[in-house]
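Thanks for asking for a second pair of eyes on this one. Please have a look at the sequence and coordinates first, and then read my notes below.

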There are 8 protein chains.
Amino acid sequence: MTQQQILKLFEAVQHGKLQPREAVERLKHLPFEDLGFAKLDHHRLLRQGMPETVYAPGKTPEQVAQIVRQMLKRSPNVLVTRANRVIAARIRRFAPSAVFHPLSGAIAIRRDRTLHGKGTVLVVSAGSSDIPVAEEALVTAELMGNPVAHLYDVGVAGIHRLLDNRESLTAARVIICVAGMEGALPSVVAGLVAAPVIAVPTSVGYGASFGGIAALLGMLNSCASNVAVVNIDNGFGAACFASMVNRL
Amino acid sequence: MTQQQILKLFEAVQHGKLQPREAVERLKHLPFEDLGFAKLDHHRLLRQGMPETVYAPGKTPEQVAQIVRQMLKRSPNVLVTRANRVIAARIRRFAPSAVFHPLSGAIAIRRDRTLHGKGTVLVVSAGSSDIPVAEEALVTAELMGNPVAHLYDVGVAGIHRLLDNRESLTAARVIICVAGMEGALPSVVAGLVAAPVIAVPTSVGYGASFGGIAALLGMLNSCASNVAVVNIDNGFGAACFASMVNRL
Amino acid sequence: MTQQQILKLFEAVQHGKLQPREAVERLKHLPFEDLGFAKLDHHRLLRQGMPETVYAPGKTPEQVAQIVRQMLKRSPNVLVTRANRVIAARIRRFAPSAVFHPLSGAIAIRRDRTLHGKGTVLVVSAGSSDIPVAEEALVTAELMGNPVAHLYDVGVAGIHRLLDNRESLTAARVIICVAGMEGALPSVVAGLVAAPVIAVPTSVGYGASFGGIAALLGMLNSCASNVAVVNIDNGFGAACFASMVNRL
Amino acid sequence: MTQQQILKLFEAVQHGKLQPREAVERLKHLPFEDLGFAKLDHHRLLRQGMPETVYAPGKTPEQVAQIVRQMLKRSPNVLVTRANRVIAARIRRFAPSAVFHPLSGAIAIRRDRTLHGKGTVLVVSAGSSDIPVAEEALVTAELMGNPVAHLYDVGVAGIHRLLDNRESLTAARVIICVAGMEGALPSVVAGLVAAPVIAVPTSVGYGASFGGIAALLGMLNSCASNVAVVNIDNGFGAACFASMVNRL
Amino acid sequence: MTQQQILKLFEAVQHGKLQPREAVERLKHLPFEDLGFAKLDHHRLLRQGMPETVYAPGKTPEQVAQIVRQMLKRSPNVLVTRANRVIAARIRRFAPSAVFHPLSGAIAIRRDRTLHGKGTVLVVSAGSSDIPVAEEALVTAELMGNPVAHLYDVGVAGIHRLLDNRESLTAARVIICVAGMEGALPSVVAGLVAAPVIAVPTSVGYGASFGGIAALLGMLNSCASNVAVVNIDNGFGAACFASMVNRL
Amino acid sequence: MTQQQILKLFEAVQHGKLQPREAVERLKHLPFEDLGFAKLDHHRLLRQGMPETVYAPGKTPEQVAQIVRQMLKRSPNVLVTRANRVIAARIRRFAPSAVFHPLSGAIAIRRDRTLHGKGTVLVVSAGSSDIPVAEEALVTAELMGNPVAHLYDVGVAGIHRLLDNRESLTAARVIICVAGMEGALPSVVAGLVAAPVIAVPTSVGYGASFGGIAALLGMLNSCASNVAVVNIDNGFGAACFASMVNRL
Amino acid sequence: MTQQQILKLFEAVQHGKLQPREAVERLKHLPFEDLGFAKLDHHRLLRQGMPETVYAPGKTPEQVAQIVRQMLKRSPNVLVTRANRVIAARIRRFAPSAVFHPLSGAIAIRRDRTLHGKGTVLVVSAGSSDIPVAEEALVTAELMGNPVAHLYDVGVAGIHRLLDNRESLTAARVIICVAGMEGALPSVVAGLVAAPVIAVPTSVGYGASFGGIAALLGMLNSCASNVAVVNIDNGFGAACFASMVNRL
Amino acid sequence: MTQQQILKLFEAVQHGKLQPREAVERLKHLPFEDLGFAKLDHHRLLRQGMPETVYAPGKTPEQVAQIVRQMLKRSPNVLVTRANRVIAARIRRFAPSAVFHPLSGAIAIRRDRTLHGKGTVLVVSAGSSDIPVAEEALVTAELMGNPVAHLYDVGVAGIHRLLDNRESLTAARVIICVAGMEGALPSVVAGLVAAPVIAVPTSVGYGASFGGIAALLGMLNSCASNVAVVNIDNGFGAACFASMVNRL
């Protein structure tokens, strides 16, 4: 039932087909959104190319395939995160354009390639073992209609690698910065640009890295003021946030 | 605006005084509760003797007094928590019946003494230094219209003191159990009764008690299944929860 | 030996069949409960339909089966938690009415369907991955003789789903609220009802969810005062506590 | 020395006034930025109305005053954070337009009122004790040239207050969401809007709130994907990040 | 009422002065200990010279004095812990033999000097800042009737100081080992003796000592098997445990 | 080289067979213990029936067997901890008297059954899942020459079970108290006896038990003063400490 | 492009082959190091015998082999850490001199045996289960051109073993000290020498050792002032740091 | 007693003035160091200009003054850490050359200015609030006879400031790197030099910096391999370690 239907309710009363008391009663049982509350219009987002997403862990290939098949009916683009080769093969049977990204386990089906982001989303990462999380962010950002670029393996202990790529950094409209261990990269990057930097700690490291806590704390305590942080290993979330910013 | 007024809206349409489109527009700007959503009727609670509450820390005696004076206009009973003698004196100027409880710092104004709880709320505490939190629970529970009783200084290292009071324990309908240090009391109490036991860890202790964390963890891991836990030192919250249960 | 037997002891002394000194000696060696202490009458609980329970992890299917077989002799209803299909099949050989709930791994044998709870216990959960814990709570509450209902997948980031079900919420006498990640659901639910809300944090989530600690802390710090908390993933414990409240 | 001067270096070589070897040597000792590296042009930011900022704690009123006096020479707008009445009085002697915000301790000198943000930055907060942090965010965002609005005291345990203000929420371009205790507000707000939500945990609460850790963890684990987080009590940082986004 | 009185109860029944049913009823209301349960006979302990103890923090000098005065009526020896000079002066008015130990704040009144311990309790400590806790242990152990000795400032970074005192170490029957910082001393000491070593972590240190947690963990993980641990700064508890062992 | 040999060194000098300077040089290279330092005489302990011990995890059955075979040459009693059936079978080939305890994985070879402990070491445990750790303590204590007894499944939520066994408790000279979850048992037990109680937290539990931390903290914060604590799951260490106390 | 090429740039301008403006533009796109910044000359290090290193976990034997083969082209010495027998066999096919160290999993290819360290690097370890980490440090230090020695199984609970080796300790120029459990060894060792001691906590231990945190905290809080610490289990890092010191 | 005296012992035996048995007995009671064990010769260190040190907190100005006066008799250089102006004034009465450093509270008396370090110890710090710890390191290193230099306020968010000082960095023989907040500076610095870097986390920061833990974890997880770490705020310890390295 839509607001159109609420209008009809009033019209029915106007035309004497419905008593006011009955109308009030029907109104009380209307779903939330029909009453004009701020329910996010997910269909609008989907029409703009925002993908629907499946989190694969804990589901059989068959279950993932079924969910994806349903999603493809209403959404041109679909993303599966943390999947594997078997799932990808199963999906390609009915969606041959599905691309599997082996490091992150992401599967992207992109049938609508309209760009919605206004600038480039740059994904920067520190060590080679941070790449799976960085790749998840990159694939997600691209599927959400952003021009994307990446800059990998530019950890702070070899600061020259980062500085050699200063043009990529300043060219980006939004930066996603992925790092494990001490999580220092976002602070350095944020000091080199005037763009918002979304920091993603990774669970990479051993000993006192505590599964990403060291990196998380480092990023929360960044001495740069254009840094905000998402959860450990949450490349997907960083890309969602970046997309929302990049559409402004 | 109330549902009565929504009815009038429909009647206005019915009588041709308002166009349906205008009515929909007015409806969209109605406050949440007028549309029949589940907003808790705080006034009903107040009519039943539930007190309004002020948390005193960070407020001047004058500020607390002003708030209390306002509350007394709409609520017969008022509770101030974590206050002190100065605040109590200030309040007694216009509310001479206010009672100050020095251990917990609670100030209770009880003008409506109707009982709403169906049984006794018993407050049990372990050590003498847990009494401030226990007293906060006791005063709150009483002000909320519960018959109350207490049993203090029955720590588990002297189990006989607890067992000597077995009749009080079994007579209670709801038990609030306050303990610091190892937080073992709720497990022992819960094993002796068939009533729900609400456990309150206190920040009493030193060294590895970590401001109440040891007690909190002990209570969460209770081997008794009729124990639920509230936050550290939260005597007030335990009494609220107990009152809600005791009115069932 | 029961209090009846203590009476006989006095009668024996009365009739000169026993010397006072001997009687005192026998008394000193009586078990605890015979002396009138508050020992919970588990048999009474069982007669009222409270199930006996087996925690399956670490036991072979054969061991679980043997324990269940013993329990069925004295208790009409039996619950096995955290089991699997193999154990369920083994139990159905001698208890064909046993129902296996695959998400939670609970096995319920319910031969006595008397209702003991006075109202509905509603189990509310946030995300689809919280359902195993929610199901454990639901199955347990039902087996303990409560009318039950559930409301799943009503996480706070889509608040309209919760509000669309406002009638279920207000109809419940006791609410069990299961949530992982940020654990915010109990606060929102508690603000919509006047019933006690028992919060169960789940270990769902990744990164900084720390196996349920984030949700646990969120619930302990709830700004609503009708919330109490049980241990992480403890759907069983929440249902026990809810049952005890619902019988009041 | 600027790039202009590097040009002159080459011209000097071109004109035979300098030997190539000498030029290389001079080049090696040039400051970093002159060589074309990505050094953030702070002066450009200042020209656009970005304020310079002093963190007051640990400095005497005299010291703060001296620093502010210096800053006012090169920057039209200056912000002092975590100050007090005494410092404000000292500053007003030479900067009478300085406005002191007593809850947050912020002092704002705003001589350039150009708007740089493209939409409204809305500051939402949960409880009344979160207001100091919210105010710091609000004052900072305004001084950075953003149209601002605020919505206070809309905690999740009274969800209707939030929903009654649905128009303010959807009107904002960027939202800063400040909450202590369980930190659930950002998740609920983010589910109601399509804008980026910057979450600020506050150290408000007691017991197991652990000085804001409970709220921080809640926000990092938000089930909404348009949420990013800054450090505990960091209203200033949230406003900086929001400003950077709002200028995109 | 004592077991003597239970005997009289039976005799009353025997002599027909009391009906069995009445006797059972009286029995049910007897205190715990009268029924022969294991209640620790504190008076026996006191007769053997175990002191009664007052924990001074949070009490006024007057309150402490009153409690001590009461204790002196039933106990020859009294200990006040964590007190100060003012309290000591107040107590000396009526108990001139009270000795104040300024480092630990302990006040000892020792009117019964009988030795109950069978060997020497040696208190060993690492750094000079551990001495307050060591002194509390020493004073307590002495007041409990143990021959005592101490060995201070023998931290592991100067292992020769410890080895130079090897005779004191091997002469002790029970050792209390007090250390902050890395808490390594108990492991080294325990490797040099065949006596039980009671380890007391202190909150001495800064940075990552976390108020004694580093020392506590070090002691719990001791590679020596004759070490057991008490709470941080708990010199009193260590002496109690040592006394109980030394009386065996 | 023994002190006997140092004596010979002096005699050689006395008899002119060695120059003083040479003697000093030889002395400087003597091993530590020969110089009279407090090196624990392990052989003396072994002669008294203290077993040698192998920690099995990380070793092949063959490796464990070889080590045990070596130990049997110099020690009548040998203990293997955390082993399994395969290792036990391998050892029984050459030590047919080896007894395997399946719950704890302990293998005990006891060829010398002399009693060295002066009283009974009682092992008390809370839940059935604590028994592996309790069994390790029991087997170890017995092998070290202590008369032992045990009291299992006497958790604090059913306090009557503990009280029904009050005679066992008061008969023990040293008590080892094993408990997981909230770790409350040692406090209750210690309040019932005048013996030293050695508390062993176990890693039993789930959710917020944190692998035994909850129990560990509970025990460290015990309100009873005759409790000392060893590491989580360290049944072996508790038995060593108890043995050392029981030989005093 | 090298500084030589910058010189040519100036010469081209000098000779009129290039316009100053063009030269500036080329300069702006030069890589970082060419402009004279402090980029570490890794080739120089390699020429001095510093090995290149592969961290094996997460890579297939084939992948490790390929990387090693590449490294051998530019570096005489190559180290693989945390590998296994299969990887070692695969590498020996083309590098028969590769030595596999089974405890640490290190594979060392050492074709250049020049010594670069000026004294001996001594690796000291506490328990036998610390040896894998100690071996990683030893192999790494040797491959980096240091004379090495080791002293294993000298835990602090048997202090004589350490003291018996006092000559090895004082002979070392740099000491790496590896210990798990309470992590006390570095403090004791550092007190016996005037050399820098690099402490490596290991994840050895159980219960409250928390995967090495207890040892880490112990070492950070060392009462000796010649101790610095690296990450848990980081034998490789300790050897790198030691090598850098030993070349001074 | 020295080894000279041991020689005399043998000579006495040689000359028949002492019986071998008596000599052995005297030997057994000799202090540790006389027997040739590795006792650090502190006097040798002092002769080389190593200062004696007093930690001022918890001592009265008079107490500090007395200790310093004693130290000056045997040591040319004396350091007082964490002192204040009052203590400095008190010391200057008898040691007019004492220099007070107000930021760190260090007081340095330097009467012997011999240089013992072979190169420069450079102290680098991130933010202005890290300077107190950096100053403590600088003053200590200088007093220990090292040529020193410092480079303050070169935090990683403004990487150009660090790079502009590349010559200072490469000129240092040992670097002490002080940083709070995210603790990223040591990683960046270590990547720019071939010298050992000693990292000092500071307790600077708020919110999730947790009194320096964030910085500590960042440093322990540094991706650079020439970094070792000391305790939070331990500028003194870092300088001691650096001095020991710089004398190699």
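1. Conventions. This is a predicted model, in which local features need pLDDT of at least 70 and side-chain atom pairs count only at pLDDT 80 or more, while totals for chains, interfaces and linings use all residues. Residues are numbered from 1 along each chain as its sequence is written, chains are lettered from A and ligands numbered from 1 in the order in which they are written, and side-chain values use heavy atoms, with hydrogens and water left out.

2. Chain A overall. Chain A holds 11 helices and nine strands; these are DSSP runs numbered from the N terminus, with helices being H or I of at least four residues and strands E of at least two. Of its 248 residues, 62% count as buried, where buried means under 20% relative accessible area, exposed over 50% and partly exposed in between, using a 1.4 Å probe and protein chains only. Among the contacts in chain A with a separation of 6 or more, 67% come from residues 24 or more positions apart; a contact means heavy atoms within 4.5 Å.

3. Chains G and H. Chain H is superposed on chain G by a rotation of 180° with 0.1 Å of shift along its axis, at an RMSD of 0.1 Å. The two copies are thus related as by a two-fold rotation axis. Within chain H, the residue that comes closest to the axis is H:V229, with its C-alpha at 2.5 Å. Both copies use the same surface, as 100% of the contact residues of chain H recur in chain G.

4. A helix pair in chain F. Helix α6 (residues 131–143) and helix α11 (residues 235–246) of chain F pack at an angle of about 35°, and their axes are 7 Å apart. Axes are lines fitted to C-alpha atoms, for helices over the stretch in contact, and angles run from 0 to 180 degrees between N-to-C directions. From α6(F), the contact is made by F:V133, F:E136, F:A137, F:T140 and F:A141, and from α11(F) by F:G235, F:F236, F:A239 and F:S243. The residues of this contact divide into five nonpolar, three polar and one charged. In that count, Ala, Val, Leu, Ile, Met, Phe, Trp, Tyr, Cys and Pro are nonpolar, Asp, Glu, Lys and Arg are charged, and the others, Gly among them, are polar.

5. Covered helices. Which residues of α10(D) are buried? They are D:A214, D:A215, D:L216, D:L217, D:G218, D:M219 and D:L220. With seven of the eight residues of α10 (residues 213–220) of chain D buried, this helix is largely enclosed by the rest of the structure. Helix α9 (residues 185–192) of chain B is mostly covered, with eight of its eight residues buried.

6. A:Y55 lies in strand β1 (residues 52–55) of chain A and is partly exposed at 40% relative accessibility. Leaving out residues up to four places away in sequence, A:Y55 touches A:T81, A:R82 and C:Y206. In chain H, H:T81 sits in strand β2 and is buried at 6% relative accessibility. Beyond four places in sequence, the contacts of H:T81 include H:T53, H:Y55, H:E136 and H:F236.

7. Two positive phi values. Please check A:D153, a residue other than glycine whose phi is near 65°. A:D153 lies in the loop between β6 (148–151) and α7 (159–163) of chain A and is partly exposed, at 37% relative accessible area. A:F210 also has a positive phi, of about 50°, although it is not a glycine. A:F210 is in the loop between β8 (197–201) and α10 (213–220) of chain A and counts as partly exposed at 28%. For context, most residues other than glycine have a negative phi.

Definitions and conventions:
Copies are superposed by least squares on the C-alpha atoms of residues with pLDDT of at least 70 in both.
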